[in-house]
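I opened the model today and kept short notes. Each entry says what I looked up.

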Amino acid sequence: MPNRNYVEKKIETKSSLSYEEIIINYLQEKGTITREVTETLLNLSKSGTRKVITKMIEKDLIIQVDKYIVLKEENEKIEKALVLIESM
């Protein structure tokens, strides 16, 4: 059952980016992120971070591979490259 009191918060930055935008920007720059780094980046608790990550996974923006989180489009590029390598 969804928490109707939960409101997607924004942290104070120069442009007031949403949590999702901050994670996406970080992933575009670094490639991967862990939940622990995300907690620090967003200044959220473990459960708050998990809610943001779960919501992003449900929106098909990111995927989680073991302990790493990557942009879905980047993972698809990696998978295609692996298929090409295996077919050689």
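I began in the loop between strand 2 and strand 3, where aspartate 66 sits. Strands here are DSSP runs of E with at least two residues, and helices are DSSP runs of H or I with at least four, all numbered from the N terminus. Aspartate 66 has a positive phi of about 55°, although it is not a glycine. Is aspartate 66 buried or exposed? It counts as exposed, because its relative accessibility is 70%. (Buried means under 20% relative accessible area, exposed over 50%, and partly exposed in between, with a 1.4 Å probe and protein chains only.)

I noted the ground rules next. This is a predicted model, with local features needing pLDDT of at least 70, side-chain atom pairs counting only at pLDDT 80 or more, and totals for chains, interfaces and linings using all residues. Residues are numbered from 1 along each chain as its sequence is written, and side-chain values use heavy atoms, with hydrogens and water left out.

Then I checked aspartate 60, in the loop between helix 3 and strand 2. Aspartate 60 is not a glycine either, yet it has a positive phi of about 65°. Aspartate 60 counts as partly exposed, because its relative accessibility is 46%.

Two bridges join strand 1 to strand 3 (residues 68–71). Isoleucine 33 stands opposite isoleucine 69 in strand 3.

Helix 3 came next. (Axes are lines fitted to C-alpha atoms, for helices over the stretch in contact, and angles run from 0 to 180 degrees between N-to-C directions. Contact means heavy atoms within 4.5 Å.)

How do helix 2 and helix 3 pack? Helix 2 (residues 35–42) and helix 3 (residues 46–58) meet at about 105°, with axes 9 Å apart. The contact uses Arg35, Thr38, Glu39 and Leu42 of helix 2, and Lys46, Thr49, Val52 and Ile53 of helix 3.

Last, I looked at the whole chain. I found four helices and three strands, in the pattern α-β-α-α-β-β-α. Buried residues make up 25% of the 88 residues.

Methods. Two strands pair if DSSP finds at least two bridges between them.
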